[in-house]
Amino acid sequence: MAQAIRIHETGGPDVLRLEAVEVGDPGPGQARVRHSYVAVNFIDIYFRTGRYPMPLPNGLGSDAVGVVEAVGAGVTEVKVGDRVGYLLGPQGAYSDVRVMPAEVLIPLPDGVSDRTASALMMKGMTAQYLFRQVYPLKGGETILYHAAAGGVGLVACQWAKALGVHMIGTVSTDEKAEIARAHGCEHVIVTSREDIAQRVREITDGQGVPVVYDSVGKDTLMASLDSLRPRGTLVSNGTSSGPVVVDSTLLAVKGSLWMTRPAMVHYATPRSHMLDMAQELFDLVLAGKIQGEPNQSFALADAAEAHRALESRRTVGATVLVP
Ligand SMILES: NC(=O)c1ccc[n+]([C@@H]2O[C@H](COP(=O)([O-])OP(=O)(O)OC[C@H]3O[C@@H](n4cnc5c(N)ncnc54)[C@H](OP(=O)(O)O)[C@@H]3O)[C@@H](O)[C@H]2O)c1
């Protein structure tokens, strides 16, 4: 029997239950993966609380690394013994072993350990698509990025630096500011004592930034709009503080702004494109430009504690569960 965290109803962290589940042999197009690390992401909280609906009972999590221990008929993407990671596919990553569609599995290169990959699959691929696809950065721009010391945030700090982008990052505490700076964030705004839009205007000589990547949502929306230059772009890529509702008139009034709400699944498909994205990420890792290590580790059985830490802003960088 496998061990898996499952939920039977939506709610607080206490709804996460460790259960014994049957994991059979992989069917056609599937592979069985034994996890070495399972990554915790803020999106898992949206599923747990019901903000993102799913049928119940269900597993949770969409981001893990491990080794392929069996493949079903017709699988060409991976073979037994391959080290792999994934960030797409059905919920259920919070487990020690599971069956997955082979088409979402990404082989890990030699030189990128499971531990490093566990901090980078979802988080690094998110930085890739935000910076290289949604609003492609060329280098030289000054950008605003919220939650710069978070899981995606610490990868974004490093990726911005690698691109020659001047990143203004927001964080809630001075400790997080130090960590963001150490990862390459050039200017840090500490939101507990500084006004975001005012500081952005000071840093940009009154111009504002061409793009804001805002994963915080409700609490930062107005500051993000007020930080943009005319015809700037708000990339609303998350809602950690609550959902965002925008009257389109506001976009006109604040400077004929653009706004997009991107989702990974529309940027990381088809498979060939997902593999190209991963290659770009791994190349930066192998070149020493992006480092990834879990900053917090919990036992699989302690997934509820990991959720409490993430949603109460006690974490920095990546959080993983170890089966
Ligand atoms: N669209 C996509 O495809 C995609 C993919 C991956 C992730 N995301 C989004 O990107 C964001 C970051 O994900 P992550 O897993 O790396 O999480 P994370 O950034 O490690 O954690 C969220 C951070 O947001 C900040 N925050 C501000 N207000 C908050 C509030 N009211 N409650 C909780 N946190 C708050 C906190 O940083 P401070 O304490 O420094 O403010 C916190 O550490 C999430 O919103 C996630 O949904 C989107």
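Predicted model: local features only at pLDDT ≥ 70, side-chain atom pairs only at ≥ 80, totals over all residues.
In strand β4, N58 is the residue that stands opposite I7. Two bridges join strand β1, residues 2–7, to β4, and the two strands run antiparallel. In speaking of strands and helices I follow DSSP runs, numbered from the N terminus: helices are H or I runs of at least four residues, and strands are E runs of at least two. Two strands are said to pair if DSSP finds at least two bridges between them.

Residues are numbered from 1 along each chain as its sequence is written.

Strand β3, residues 30–40, is joined to strand β5, residues 64–71, by seven bridges, and the two run antiparallel. Within β5, V67 stands opposite R34. β5 is also joined to strand β6, residues 83–86, by four bridges, again antiparallel. There, G66 has V84 of β6 as its bridge partner.

The loop between β6 and β7 (97–101) contains L88. Is L88 buried or exposed? It counts as buried, because it has 21 C-beta neighbours inside 10 Å. The criterion, with C-beta atoms placed from the backbone, is that a residue is buried if 20 or more other C-beta atoms lie within 10 Å of its own, exposed if 12 or fewer, and partly exposed in between. Leaving aside neighbours within four places in sequence, L88 is in contact with S62, V104, V265 and A268. Contact here requires that the C-beta atoms of two residues, placed from the backbone, lie within 7 Å.

I turn now to the parallel sheet. This open sheet has six strands in the order β11-β10-β9-β12-β13-β14, with parallel pairing. β11 and β14 (258–260) are its edge strands, each pairing on one side only. From one strand to the next, the twist averages 15°. Strand β9, residues 142–145, pairs with strand β12, residues 209–214, in the parallel sense over two bridges. Y145 has Y213 of β12 as its bridge partner.

α4 lies across β9 and β10 and runs at about 165° to β10. α5 lies across β10 and β11, at about 165° to β11. Such angles run from 0 to 180 degrees between N-to-C directions, and axes are lines fitted to C-alpha atoms, for helices over the stretch in contact.

Which residues of α5 are buried? In this helix, residues 174–182, they are K176, A177, I179 and A180. They lie on the same side of α5, because they cover an arc of only 165° around the axis, the arc being that of the directions from the helix axis to the C-beta atoms. D174, E175 and A182, on the other side of α5, are exposed. The buried residues of α5 pack against α4 (151–163), β10 (166–171) and β11 (187–190). Just after α5, G184 takes a positive phi of about 110°.

Finally, two helix pairs. The axes of helix α3 (residues 121–134) and helix α9 (residues 271–286) come within 10 Å and cross at roughly 105°. α3 is therefore roughly perpendicular to α9; on this scale, angles under 35 degrees count as roughly parallel, over 145 as roughly antiparallel, 65 to 115 as roughly perpendicular, and the rest as oblique. G124, M125, Q128 and Y129 of α3 make the contact with M277, A278, E280 and L281 of α9. The residues of this contact divide into five nonpolar, two polar and one charged. For these classes, Ala, Val, Leu, Ile, Met, Phe, Trp, Tyr, Cys and Pro count as nonpolar, Asp, Glu, Lys and Arg as charged, and the others, Gly among them, as polar.

In the second pair, helix α1 (residues 42–49) packs with helix α10 (residues 303–311) at an angle of about 110°, their axes being 10 Å apart. α1 is therefore roughly perpendicular to α10. F42, I45 and R48 of α1 meet H307, L310 and E311 of α10. By class, the residues of the contact of α1 with α10 are three nonpolar, one polar and two charged.
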